[in-house]
Amino acid sequence: MQKNKMLLLIEILNHETDSEHPITTNALIEKLSKYNVPCERRTLARDISQLIEMNYPIRIVKSGHSNAFYMEHSSFSISELKIIIDAIQASAVIPEETTNSLTEKIAELGGHYCAELLQNNRIRFNIRKQTNNCVWDSIAVIEESFKSQTQISFLYFKHDENGKKVYQRNKQRYVVDPIALIYENDNYYLRCYNQERKDYRNYRIDRMENTQRLDTIICDEALISPAELATYTARTFKMFGGDETDVELEFTGGLIDVIFDQFGFETIIQRQENGLYSAKVRVQISRTFWGWYFQFPDQIRIISPKSAAEKCKEWANHALHGDKNSK
């Protein structure tokens, strides 16, 4: 069956041309003829003009003494598309198969030549891709629950020393009130409220399985404002809780960017007379806070409060002697 000429023109210009690869009148007529669509130079010029009047972003340039045409792909630049693709390929939470599929779809947004350039990306990321393909199903169910403001249930697992799943609570289903999805440290977490325990919890999406939306409406405790949620995520270290404490840190100039990266550019940093720097920050004292802190043993110390400084000594002792009671 012969293709409609106007649709074929749009298809060719959209997929095979861009500002660096316009197609001449003769080449376009030749391509049309391969689809058994006859066309003359005069009628082609009229067809192109008609498509432009219909707001198709077709541009006309000169190639020697002849006109040439291309479709302007203005939605995303190559650099914008490349940043998106790099982010997808660098994300451990996106399985390899899904990464490849998304890369192809996004690359096509830039047209044929752009797609070839982006798919031949030479950047390689040293990450281990997620193998749990249930992640996307869980996210879809959670998003639906946000719209309907209803509870969800799911199975939750960890892994044993052989990498096999060990289901929590003897494989009984968790029932929670979803609050938000949070992307932190290359993982998706579900922030939720547990009516049974009357507390807030975080669950890694890649450890959730067989997620289902329920008809039960969430409780008022799960109706947290975006501002409250933003405050929570800014203070949390790797999604593990602890007692919130205002801590004053003293550190070397080499950690200024580290402090800004961890606590934000609104953090007030002051230079001390001894050449060091200090900042007051609000943190959650927890295992993961100490994990961050002890990356810089000779570059940072806690000035106040005294209780946090004493706790720091306890953790240092724990690291040396394996005191299992340190928290």
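Predicted model: local features only at pLDDT ≥ 70, side-chain atom pairs only at ≥ 80, totals over all residues.
Local features were considered only at pLDDT of at least 70 and side-chain atom pairs only at pLDDT 80 or more, whereas totals for chains, interfaces and linings use all residues. Residues are numbered from 1 along each chain as its sequence is written, and side-chain values use heavy atoms, with hydrogens and water left out.

The protein chain contains 11 helices and 13 strands; helices (H or I, at least four residues) and strands (E, at least two) are DSSP runs, numbered from the N terminus. Of the 327 residues in the protein chain, 39% are buried. Buried denotes under 20% relative accessible area, exposed over 50%, and partly exposed the range in between, with a 1.4 Å probe and protein chains only.

Helix H3 (residues 41-53) packs against helix H1 (residues 5-16), the two axes coming within 11 Å and crossing at roughly 75 degrees. Axes are lines fitted to C-alpha atoms, for helices over the stretch in contact, and angles run from 0 to 180 degrees between N-to-C directions. H1 and H3 are therefore roughly perpendicular, a class that covers 65 to 115 degrees, while angles under 35 degrees count as roughly parallel, over 145 as roughly antiparallel and the rest as oblique. On the H1 side the contact involves Lys5, Met6, Leu9, Ile10 and Leu13, and on the H3 side Thr43, Leu44, Asp47, Ile48, Gln50 and Leu51. By class, this contact has 7 nonpolar, 2 polar and 2 charged residues. Here Ala, Val, Leu, Ile, Met, Phe, Trp, Tyr, Cys and Pro count as nonpolar, Asp, Glu, Lys and Arg as charged, and the others, Gly among them, as polar.

Helix H2 (residues 25-34) also packs with H3, at an angle of about 95 degrees and with the axes 11 Å apart. H2 is thus roughly perpendicular to H3. Thr25, Asn26, Leu28, Ile29 and Leu32 of H2 meet Arg41, Leu44 and Ile48 of H3. The contact of H2 with H3 has 5 nonpolar, 2 polar and 1 charged residues.

Leu190, in strand E7 (residues 187-194), counts as buried because its relative accessibility is 0%. The C-alpha atom of Leu190 is separated by 5.4 Å from that of Asn202, 12 residues apart along the chain. Beyond its neighbours within four places in sequence, Leu190 is in contact with a set of residues including Ile142, Ile152, Phe154, Val176, Asn202, Tyr203 and Met208.

In the whole structure, 18 aromatic pairs were found. Rings of Phe, Tyr and Trp (its six-membered ring) pair if their centres lie within 6.5 Å; planes under 30 degrees apart count as stacked, over 60 as edge-to-face and the rest as tilted. Tyr174 and Tyr203 form an edge-to-face pair, with 5.4 Å centre to centre and 75 degrees between the planes. Tyr174 lies in strand E6 (residues 174-184) and Tyr203 in strand E8 (residues 199-204), so the pair ties together parts that are 29 residues apart in sequence. Tyr174 is buried at 9% relative accessibility, as is Tyr203 at 5%. The pair of Phe260 and Phe265 is stacked because the ring centres are 4.8 Å apart and the planes lie at 20 degrees. Phe260 is buried at 18% relative accessibility, whereas Phe265 is exposed at 65%. One aromatic cluster comprises Phe263, Phe289, Trp290, Trp292, Tyr293, Phe294 and Phe296.

Arg169 lies over the face of Tyr174, at 4.8 Å from the ring centre. Such an arrangement requires NZ of Lys or CZ of Arg within 6 Å of the ring centre and within 35 degrees of the ring normal. Lys171 lies over the face of Tyr167, at 4.5 Å from the ring centre.

Lys171 also has a positive phi of about 65 degrees although it is not a glycine. Lys171 is placed in the loop between strand E5 (165-167) and E6 and is partly exposed at 48% relative accessible area. Gln149, likewise not a glycine, has a positive phi of about 55 degrees. Gln149 occupies the loop between helix H7 (134-148) and strand E4 (150-159) and is partly exposed at 41%. Most residues other than glycine have a negative phi, and most peptide bonds are trans. The peptide bond from Ser304 to Pro305 is cis, with omega near 0 degrees, and Pro305 lies in the loop between strand E13 (300-304) and helix H11 (306-321).

Key:
Contact = heavy atoms within 4.5 Å.
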